[in-house]
Amino acid sequence: MITTAQNTKANRLLMRILTWREDHISERSFLLILAFVVGVLSGFAALLLKFLISIIASTLSEHINITGANYLYLLYPVLGILIVGIYVRYVVKDNISHGVTRVLYAISQNKSRLKLHNTYTSVVASSITIGFGGSVGAEGPIVNTGAAIGSNLGSLFRMSPQILMMLVGSGAAAGVAGIFKAPIAGMLFAIEVLMIDLTTVSVMPLLISSITAATVSYIFTGYSPEFVFDQSEAFLTNRIPYTIVLGIVCGFTSLYFTKVIGKMESLFSKIHNPWYKFAFGGVILSGLIFCFPPLYGEGYEAITDLLTGDPSTLFDGSVFYSLRDNVWFVLLFLLMIILTKVFATSATNGGGGVGGTFAPSLYVGCMTGFFFAYLINTLGLFPGDGLSCKNFALMGMAGVMSGVMHAPLMGIFLTAEMTGGYQLFLPLLIVSTISYCTVRLFVRYSIYTMRLAKRGELLTHHKDKAVLTLLKMDSVIEKDFAVVHPEMSLREMVHVISQSDRNLFPVTDDEGNLLGIVLLNDIRNIMFRPSLYDRMFVRKFMCMPPAKLEISENMEQVMRTFDKTNAWNLPVVDHGKYIGFVSKSKIFNSYRRVLRHYSDD
């Protein structure tokens, strides 16, 4: 039991350390030291998560029969999301799903602060979810874990909000780098997905944390890439037209993936009883995994098999095992997996599990690329020996990830780093770029950012929008306006004016509802006529404001209203109740302050 005296002693020690740091190490230099520590801790967190998933999955899969149906597939995934649902609801008592979105929210709306329990709860919950067969990935949870490590470490040392944002991005980048052994992709993830600006301040901590986490992973798991890929067939220029078509196919697959995820999330959000959610998600998940066993868990074994060019192993443990040599049924099986993976992922998270969409997007991309080449070869649409199915499976991974994440550079480098497929860099570039451009024609935001974008809470690379996102309504409301009432006489109004520094006066009723405003310029011609003092009342010369702002509106909506009305001051209400006024000058001053703070290199 920690006593009050021990707490006091620890606080004094911390203050001495902080004081020494401020006197001897600049904030920028200390950021690099913290980035290294974050990289080490995030790298070990990634190793722990992979180890736990492997132990649980290997223990449960000992009794799986590869030559026929396995009814354990109906039990394991449901049991996993049940355990995790109880853990989250009764132990964690906080929502830890959608890890990447929560990191984005912390950066945009919560001053880059994440709760301490996020440093470990996502690891526990996702390892159980995936180990028991939940059809999700471990990357979202490890991003949340790494970001929480960076946030809490920075908060411990009382770092500024700007530095804290860098540490959150560094932790997230380290999580990706550690779990995939992909340091460049980790840094690009922070830039493209988390939208951390690439400046002289951010580039070094992102690189240091990513390289450190990847190094930790290499030391303990070896220097081989995450997936073994042997390019036995060269990519020739006559394959480029098919590569372009694959990019378009991957773009539409990404669009399907994103849309279905959104629809399924909306469907689950309408179910308020957690047990009904669990039952609904469990039925969908177990049913799909029983019919299509490759949907079990992260699906990395299926990806490895397809990167060797052999689809027959996908039928292991399936009720359709005997049909694995039928070419047309292989195509149908691949297509059904592509179409149903997103439902299995949504059901896992919606039913109570915790996992990400990194692995599912890679998985669907691999299946899409393999299916595309396999179909072309089966139909005889390519002369000669046909297309290399494993090459196109690799390209599909980059294509769908780029489209789903809206991160083409990360998709390219992640695929290359985790497979060693650098010889296919040109086709990876082609597929990723075309896929991203295709999906951007239909949706502006990625699967992670669309939730925040709908609420206007997304921080982006667009500097004006980013700064407006960082501004809060509470920080720009002015409340030093003298309130008047409609029954007040002109005499009383003149008295109020004489004691006020403002030329604008809100008019409210006895319950505080805003009825209108009085502008000093509008009554200047009558306020010096004593004969009207007891004959004129506020209700006669008040007017309506050009618009009213709701307290819940974000700054982007506020500025649109100002532009539309050409007003300089607008009242703020809370369901009709007067709160105060917002002025353009106040917003501009706050804008310049925030812009200067977050753009300082």
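A nonpolar core, as I use the term today, is a set of buried Ala, Val, Leu, Ile, Met, Phe, Trp, Tyr and Cys residues joined through side-chain atoms within 4.5 Å. Keep in mind that this is a predicted model.

So, the cores. The largest one has 141 residues. Phe180, Phe189, Phe358 and Met410 have the most contacts inside it. Which helix gives the most to this core? Helix α14, residues 358–379, with 13 residues. There is also a second, separate core of 18 residues. Val484, Ile497, Val507 and Met527 are among its members.

Back to Phe358. Leave aside its neighbours within four places in sequence. Phe358 then touches Phe180, Phe189 and Met410, among others. Its contacts also include Glu139, Val176, Met401, Met405, Leu414 and Tyr448.

Now two helix pairs. First, α2, residues 27–60, and α5, residues 121–131. Their axes come within 8 Å and cross at roughly 30°. Angles under 35 degrees count as roughly parallel, so that is what α2 is to α5. The crossing is right-handed. On the α2 side, the contact includes Leu48, Leu49, Leu52 and Ile53. On the α5 side, it includes Val123, Ile128 and Ile130. By class, this contact has 10 nonpolar, three polar and no charged residues.

Next pair: α11, residues 274–291, and α13, residues 327–350. Here the angle is about 155°, with the axes 9 Å apart. That is over 145, so α11 is roughly antiparallel to α13. This crossing is left-handed.

Methods
Residues numbered from 1 in each chain as written. Predicted model: local features only at pLDDT ≥ 70, side-chain atom pairs only at ≥ 80, totals over all residues. Heavy atoms only, no water. Axes fitted to C-alpha atoms, helices over the stretch in contact; angles between N-to-C directions. Helix = DSSP H or I, 4+ residues; strand = E, 2+ residues; numbered from the N terminus. Parallel < 35°, antiparallel > 145°, perpendicular 65-115°, else oblique. Left-handed = near helix turned anticlockwise from the far one by under 90°. Contact = heavy atoms within 4.5 Å. Nonpolar A, V, L, I, M, F, W, Y, C, P; charged D, E, K, R; others polar. Buried < 20%, exposed > 50% of the residue type's maximum accessible area, 1.4 Å probe, protein only.
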